[in-house]
Amino acid sequence: MVHATSSLLLLLLSLALLAPGHSARKCMLTGKWTNDLGSNMTIGAVNNRGEFSGTYHTAVTSTSNDIKLSPLYGTQNNINKKTQPTFGFTVNWKFSESTTVFTGQCFIDRGGKEVLKTMWLLRSSVDDIDDDWKATRVGNNVFTRLRSVKE
Ligand code: BTN
């Protein structure tokens, strides 16, 4: 009887962990990521205030300039120590006068894979205030972990 009860409890616990919105593993931002455009980024350690930095290599540009590796700075929300935290970061492009801000959430998908679902605003520089209306693009990117060939 005791055995049957503990097995049932174990089953219920497993079902609760598998339920949508629940994942036992924590989604971690640190590491190498690639997105649906073929851009790659590397995120360093997230400190105890949730701050992180890294580098971004975009596969595309709205300019005719040669693409250069650019720094990113961001924060992860740690308020309730969620396993699927929200975050935001800014990329300060080193080959154009633009700035991009990304915001998103680090998910563990149904297959157990980490995925970053993001939206971004890309602000381009315009010379005339009358052109302000056309200076900001919006979009979304989905990032998955970039694994080395050895893994
Ligand atoms: C520029 O074109 O001025 C800088 C590069 C912008 C690249 C954008 S940021 C949003 C989108 N996601 C990417 O990975 N690259 C583009």
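Buried means under 20% relative accessible area, exposed over 50%, and partly exposed in between, using a 1.4 Å probe and protein chains only. By that rule, 31% of the 151 residues of the protein chain count as buried.

This is a predicted model: local features need pLDDT of at least 70, side-chain atom pairs count only at pLDDT 80 or more, and totals for chains, interfaces and linings use all residues. Residues are numbered from 1 along each chain as its sequence is written, and side-chain values use heavy atoms, leaving out hydrogens and water.

**Whole chain.** Show the cartoon. The protein chain has 1 helix and 8 strands. These are DSSP runs (helices H or I, at least four residues; strands E, at least two), numbered from the N terminus. Along the sequence the pattern is α-β-β-β-β-β-β-β-β.

**Select Ser70.** Ser70 sits in strand E4. Is Ser70 buried or exposed? Ser70 is buried, at 1% relative accessibility. Now show its side chain. The side chain of Ser70 reaches the backbone oxygen of Lys68 at 3.0 Å.

**Select Lys81.** Move on to the loop between strand E4 (70-76) and strand E5 (86-92), where Lys81 lies. Lys81 counts as exposed because its relative accessibility is 63%. Check the backbone too. Phi of Lys81 is near 50°, a positive value in a residue other than glycine. Most residues other than glycine have a negative phi.

**Select Asp130.** Asp130 is in the loop between strand E7 (114-123) and strand E8 (136-145). Asp130 is exposed, with a relative accessible area of 58%.

Definitions and conventions: Polar contact = N/O pair within 3.5 Å; in protein donor to acceptor, adjacent residues only side chain to side chain.
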